[in-house]
Protein chains: 2
Amino acid sequence: MNPDLAQERRRATFDPEQVTSLLYRGPENVRKRRYLQNAAIQDQVLRGSKPWAFQSRIEQYETALQMYIYMMNKLDEMGVTDPLERMYYQEAGAPHYYNPMALHTGMFIPSIEKQGTKEQKERWLPMARSLQLIGTYAQTEMGHGTFIRGLETTATYDPSSQEFVLNSPTVTSMKFWPGGLGKTSNCCLVMAQLITHGKKRGIHLFFVQIRDLKTHRHMPGVESGDIGPKFGFNSNDNGYLKLSNVRIPRENMLMRYSKVLEDGTYVPPTNQRIGYGTMVFVRAHIVTNSARGLSKACVIAIRYSAVRRQTEVSPGGPEAQIIDYQTQQYKLFPLLATAYAMYFTGRYAEDYYEQIASEIEAGNLESLNQLHAVCAGLKAFSTWACTAGIETCRLCCGGHGYSHASGIPKLYTYYTPGCTYEGENNVMMLQVARFLMKIYPDIKRGGPIHEFVQYLGADLTQKSCMTEEVALGCLLKAFQHRAARLLSDAAARIENLVRSGKSRQEAWDASTVALTWAAKAYCHTFVVRTFSQIVSDAAVDKSTKDVLTALCKLYAIDGIIENLGEFIEDGFFSPHQVSFLKNKLADLLAEIRPNAVALVDAFDYPDKTLDSCLGRYDGQVYPALYEYAKNSPFNEQEVLDSYHKFIKPAQTEQSQRAPMARL
Amino acid sequence: MNPDLAQERRRATFDPEQVTSLLYRGPENVRKRRYLQNAAIQDQVLRGSKPWAFQSRIEQYETALQMYIYMMNKLDEMGVTDPLERMYYQEAGAPHYYNPMALHTGMFIPSIEKQGTKEQKERWLPMARSLQLIGTYAQTEMGHGTFIRGLETTATYDPSSQEFVLNSPTVTSMKFWPGGLGKTSNCCLVMAQLITHGKKRGIHLFFVQIRDLKTHRHMPGVESGDIGPKFGFNSNDNGYLKLSNVRIPRENMLMRYSKVLEDGTYVPPTNQRIGYGTMVFVRAHIVTNSARGLSKACVIAIRYSAVRRQTEVSPGGPEAQIIDYQTQQYKLFPLLATAYAMYFTGRYAEDYYEQIASEIEAGNLESLNQLHAVCAGLKAFSTWACTAGIETCRLCCGGHGYSHASGIPKLYTYYTPGCTYEGENNVMMLQVARFLMKIYPDIKRGGPIHEFVQYLGADLTQKSCMTEEVALGCLLKAFQHRAARLLSDAAARIENLVRSGKSRQEAWDASTVALTWAAKAYCHTFVVRTFSQIVSDAAVDKSTKDVLTALCKLYAIDGIIENLGEFIEDGFFSPHQVSFLKNKLADLLAEIRPNAVALVDAFDYPDKTLDSCLGRYDGQVYPALYEYAKNSPFNEQEVLDSYHKFIKPAQTEQSQRAPMARL
């Protein structure tokens with residue numbers, strides 16, 4: 001054990017186990033999580049592979065496929081059915097490989113379950129669960145992402161044969177990006193424009209077989225493949241799909257909600273938003289997932305910062321642990337606080353979803369708007385914050401952060417797509433803004449509105465109650481005030497533009513920057529509120545609660561300092577109050593310092609999950625880096641073939657020439 | 001030609017050629033640049049390779065080695081000796097490969113030229129120029145980066161044999177990271193602690209042969225290798241080096257400035273900072289280089305944003321070009337302005353270096369402090385801004401930005417190390433702060449100080465002169481005021497802490513966040529000043545000057561809005577003045593909109609240099625993406641071997657089991 005890390009752990013003022021328990025919902029769940037992680041870590045088969053970064057892309061894909069199939073079987077044998085528990089096992093078993101069948105289990109099967117008829121479920125689900133069918137969810141096209149209504153793939157009903165004819169009429173209409181579509185899947189759910197009786201009926205889901213179930217070769221009219229290497233996710237065969245007059249029986253349209261009858265009569269769903277549930281569910285989970293990414297990066301960067309020593313503080317004296325530098329603390333500790341904030345917020349969003357989900361399932365869509373706005377906003381807010389935070393953690397590790405030995409580049413490339421998939425973040429923020437502007441008249445006249453948004457109607461002339469103590473309550477009020485003011489500003493801007501002669505649409509379009517500011521402030525407030533609430537409700541001892549409260553305050557104060565203009569341009573804070581905040585910020589960094597390592601330990605990630613030379617629990621960073629380097633595939637030969645192929649001939653050629661200046 | 005792009009170019013209100021000429025220092029240089037780029041693009045040998053992302057790491061390394069050796073010979077044949085001109089050729093010839101011999105030409109040879117004696121130059125340079133010697137610069141160790149005095153490698157002089165004995169006494173003392181050290185180089189300049197007569201004499205450079213010149217096998221006592229795969233730079237064999245009692249003759253210490261005599265007597269240099277010149281030179285060039293990275297990302301993102309259409313503006317109407325969305329403009333146009341700002345600033349820093357360099361060479365080090373602070377600060381400021389900007393550009397391209405087909409991930413991984421190498425950015429900022437605090441007493445009492453820093457002594461009670469016009473002069477004054485105030489705040493904080501009983505060092509350590517704010521504000525002001533000066537001096541026609549002025553104003557206003565708190569917490573701007581700025585920001589986005597494509601065209605990057613499906617000059621984005629996907633190595637087989645190896649057996653096994661729920 002590195003002595004610096006050992007001392008950090010001795011110096012902590014609280015019991016990390018209590019925090020772990022709070023994060024993972026109680027000691028029983030922590031126990032289960034550890035049991036599953038250990039089972040994966042100790043499994044001989046899963047242990048075998050060399051570091052992912054030493055593998056070619058095709059090796060990464062094969063390793064991922066093999067491991068995930070193996071883990072599916074193991075989990076089935078163990079009788080583990082809970083998705084979160086399965087994830088814990090998989091995260092420890094194959095931390096750096098994305099499952100090529102992730103959409104099979106995560107989207108294909110659930111969509112059939114939710115949107116298929118009884119007959120369809122009976123027909124496809126047993127085959128899907130036994131992997132006879134390996135499916136994916138083909139929505140995104142080369143030319144269309146978030147704007148789903150713009151999808152160009154067509155499914156035209158032919159009553160004479162009672163079939164749909166599927167086509168990709170343009171280059172841009174090709175399906176592009178779906179995970180596992182390129183090489184792994186033999187079928188998929190295709191999102192397409194339904195056409196019956198010559199009329200467009202909107203977007204629907206169709207079950208399409210794309211490869212032969214016995215030979216895995218393409219079905220007639222199907223062209224598909226891998227879309228090529230990407231920033232990350234290279235163990236996945238994100239694919240493209242071009243359909244040319246592919247015929248499928250009428251029974252292959254998912255018909256739980258809308259139907260096409262034998263004669264081509266279209267029966268629309270009773271409610272257009274019936275399919276929103278899954279989308280909202282996925283977004284709620286992205287919040288927790290983002291927290292997972294950022295927290296791993298924090299573990300690595302904070303442990304490494306306690307081990308790394310650089311620059312003598314006094315001439316000839318010992319070099320300081322870099323975690324003792326205020327600039328390093330100012331980068332890392334607010335991110336640590338963000339990781340906690342997002343964990344708690346994600347959990348809250350998931351609980352809120354569960355609460356509303358049963359109402360939705362029963363056809364009661366009243367709360368859907370509120371839930372939809374919250375999840376869209378938090379998805380965007382958390383992915384932006386967490387992915388930018390991962391990069392900051394990487395940069396805090398200096399040069400070694402750039403090596404794949406650190407594990408952080410992989411975290412970044414793995415989590416940054418969260419800003420884009422499942423609803424592009426800027427679009428999400430404008431959806432939040434649209435929701436807020438829609439209820440704004442109700443807010444202004446004090447109508448009956450949800451507690452989440454009540455504060456938006458508060459008196460904007462109020463000043464902050466902040467004192468030198470910097471109470472959490474005053475911090476939260478500051479966020480509420482800023483959100484209310486920015487919303488009011490955006491609304492005023494739109495009204496002004498309308499008064500100056502622009503149409504409402506034009507006014508909206510010329511105000512999207514201001515609207516985005518308002519939406520972000522709303523989400524930020526939501527996170528501060530949730531964090532402070534969960535901390536205040538937490539059943540932990542006093543020393544633990546003190547530490548969590550310090551983190552929560554740091555999160556809030558840092559959020560204010562980083563966006564200071566928005567909090568002070570109307571004079572809400574006096575200059576004096578701002579100085580309270582800045583002093584408190586410096587104090588909190590010093591206060592959190594002795595608990596920083598224990599706070600990342602509390603995330604309870606086994607080394608295998610982090611897969612990082614820098615983030616090791618034992619702090620043996622440098623021997624690990626040396627070992628990693630020695631094993632680099634480049635070092636299998638003392639002299640590479642390229643020496644004989646390129647360098648040697650160049651030397652011979654050059655020695656016969658006059659030496660010249662070079663760049 | 002994509003019709004949207006064609007129309008963008010028709011709509012431009014200025015002549016991009018004038019801007020190109022301004023960027024590259026006149027029409028004659030533009031002509032040369034194009035000539036060299038075309039020569040590289042049309043070269044049949046350089047054309048041959050498949051996309052870099054389709055290659056394994058070893059293939060990337062081999063391709064890079066082969067291409068750069070080929071290009072060296074070609075450039076020699078053409079008689080091109082100017083480093084910038086050679087770079088233009090290489091950038092077009094091998095845009096996505098980092099030269100494994102970059103440090104040979106960029107650091108090894110120049111260091112011998114600058115720090116070697118006449119005899120050493122005669123001995124090594126001809127061999128280095130003819131590639132008999134391939135060298136690198138081995139400074140960074142596993143345990144030490146920016147803090148050079150902490151390096152642990154030792155070179156102990158043995159008078160009995162008149163040799164130095166080099167050792168890596170600890171794991172952390174291993175050289176780690178130097179480019180080309182792993183496999184390519186056969187010698188290097190090792191930075192080591194000189195020990196003579198049992199005393200440490202500080203850090204010096206030693207020429208060490210690490211591989212046999214005929215067989216390329218390791219020399220006795222040398223262990224070296226590649227450090228393994230990284231986030232980027234994978235065509236380079238960044239290496240490690242462990243020295244165990246490696247003996248080199250006394251003549252192998254670079255002795256132009258300091259010497260070790262035969263008997264071991266140490267003769268120190270007349271000035272310790274004599275070696276700073278190269279470091280400063282490199283940092284000045286990093287500014288321009290960062291601009292190059294960000295400008296390429298802007299070309300890709302802005303052209304793509306003009307081609308990409310998403311979401312109907314009115315129901316059933318055409319979908320809008322995404323560049324028409326205000327939120328997209330608000331992300332991209334300030335970055336476009338930043339790219340220009342950094343180009344001009346980099347050019348200014350290079351010129352300033354040249355101006356001071358001859359003084360330094362002559363031993364006059366008076367201006368070195370000022371130059372050193374400017375270059376350290378601008379290096380950090382530009383790399384932070386440009387690399388974060390590249391990521392924003394990538395995210396602005398939605399999902400496709402994440403594919404290596406976009407070219408942007410590669411740009412990011414290529415430029416982000418600039419934040420770390422050649423002086424870690426946070427350390428750089430604190431060096432700027434140290435310089436500013438050192439001259440602060442002179443500033444306060446109005447002593448004779450350089451024009452760069454004069455404004456820091458201005459009266460802090462002044463208010464902004466800003467009117468609705470938003471004049472450049474008032475914008476610059478705002479930046480000056482903020483920098484002066486933040487410096488004064490940091491100084492006051494330190495004095496307060498000293499008064500409260502802390503030592504000066506403790507007070508400094510507890511104020512580094514505030515000091516960093518001040519240093520950043522100083523650098524920011526420098527950039528705004530340089531940008532506005534170059535635009536106002538530019539010999540271009542009125543329409544061109546108008547466009548550049550708009551960009552410059554946008555850069556400044558965006559800088560204010562993004563850091564608004566710092567500009568208003570002391571009441572420098574009134575709320576009214578802030579509203580002028582916000583309105584002007586929105587106006588400028590609309591004003592720049594029709595010229596955005598022409599402004600990126602003006603960077604004059606041939607498609608080959610960008611290597612991006614999204615950034616093509618002709619805008620044929622989608623067919624290019626399709627082509628890229630079809631050529632993915634995964635698609636060479638319709639059915640991958642892994643199907644037979646893993647999927648098929650799993651299906652057979654599963655069909656014999658009861659189907660179970662899965663994640």
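With -135° about the S-S bond, the link between Cys465(A) and Cys474(A) is left-handed, and in this predicted model the sulfur atoms of Cys465(A) and Cys474(A) lie 2.2 Å apart, forming a disulfide. When the whole structure is searched, two disulfides are found over all chains, and the link of Cys465(A) with Cys474(A) is one of the disulfides in the model.

Staying with chain A, the reader can turn to residues 276-437, where UniProt, in an unreviewed entry, places the feature "domain: Acyl-CoA oxidase C-alpha1".

In chain B, a pair of helices can be followed in more detail. Helix α7 of chain B covers residues 102-115 and helix α8 of chain B covers residues 118-129, and their axes, which come within 9 Å, cross at roughly 160°. Because angles over 145 degrees count as roughly antiparallel, this crossing makes α7(B) roughly antiparallel to α8(B). The crossing of α7(B) and α8(B) is also left-handed.

Which residues bring α7(B) and α8(B) together where they meet? From α7(B) come His104(B), Phe108(B), Ile109(B), Ile112(B), Glu113(B) and Gln115(B), and these meet Gln120(B), Lys121(B), Trp124(B), Leu125(B), Ala128(B) and Arg129(B) in α8(B). Sorted by kind, the residues of this contact between α7(B) and α8(B) divide into six nonpolar, three polar and three charged.

Note on methods:
Residues numbered from 1 in each chain as written. Chains lettered and ligands numbered in written order. Predicted model: local features only at pLDDT ≥ 70, side-chain atom pairs only at ≥ 80, totals over all residues. Heavy atoms only, no water. Axes fitted to C-alpha atoms, helices over the stretch in contact; angles between N-to-C directions. Helix = DSSP H or I, 4+ residues; strand = E, 2+ residues; numbered from the N terminus. Parallel < 35°, antiparallel > 145°, perpendicular 65-115°, else oblique. Left-handed = near helix turned anticlockwise from the far one by under 90°. Contact = heavy atoms within 4.5 Å. Nonpolar A, V, L, I, M, F, W, Y, C, P; charged D, E, K, R; others polar. UniProt positions renumbered as here; feature names shortened; annotations may be inferred. Disulfide = S-S within 2.5 Å.
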